[in-house]
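Thanks, everyone, for making time this morning.

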Amino acid sequence: MEKAITYPSATGNCDIVARAWLPEGEIKVVVQLVHGMADRKSVV
């Protein structure tokens with residue numbers, strides 16, 4: 001089953017969107033993918 005998750009960013013300027021694919025049976029493994037976090041971070 002696919003589940004879409006949306007919540008506001010810390011600044012409130014945009015929404016964070018995630019998707020979860022939940023199994024119909026017992027969970028055997030968890031995989032987490034993260035992309036683009038450092039690409040948008042400014043250097044002070």
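Let me begin with the largest pocket, which has 20 residues in its lining, and of these Ala 18, Arg 19, Val 31, Gln 32 and Leu 33 are the ones nearest its centre. Please keep in mind throughout that what you see is a predicted model. The space in this largest pocket amounts to about 740 Å³, and strand β2 gives the largest share of its lining, with seven residues.

That brings me to the strands themselves. The protein has two strands and zero helices, and β1, covering residues 2–8, is joined by seven bridges to β2, covering residues 15–21, with the two running antiparallel. Together β1 and β2 make a hairpin, with six residues between them, and in the turn you will find Gly 12, whose phi is positive at about 80 degrees.

Of the 44 residues in the protein, buried ones make up 5%.

Which residues form a nonpolar patch on the surface? They are Ile 5, Tyr 7 and Ile 16, which together have about 240 Å² of accessible area. Ile 5 lies in β1, and because its relative accessible area is 33%, Ile 5 counts as partly exposed, given that this class runs between the cut-offs of 20% and 50%.

Conventions. Residues numbered from 1 in each chain as written. Predicted model: local features only at pLDDT ≥ 70, side-chain atom pairs only at ≥ 80, totals over all residues. Heavy atoms only, no water. Patch = residues over 30% accessible without salt bridge, like charges linked within 9 Å, V, L, I, M, F, W, Y side chains within 5 Å. Areas by Shrake-Rupley, 256 points an atom, 1.4 Å probe, with all protein chains shown as cover. Salt bridge = Lys/Arg side-chain N within 4 Å of Asp/Glu carboxyl O. Helix = DSSP H or I, 4+ residues; strand = E, 2+ residues; numbered from the N terminus. Buried < 20%, exposed > 50% of the residue type's maximum accessible area, 1.4 Å probe, protein only. Pairing = 2+ DSSP bridges. 1 Å grid on protein atoms, 1.4 Å probe; cavity = no way out; pocket = protein on both sides within 12 Å on 5 of 7 lines; lining within 4 Å. Points joined across faces, edges and corners; volume = space filled by probe spheres on them.
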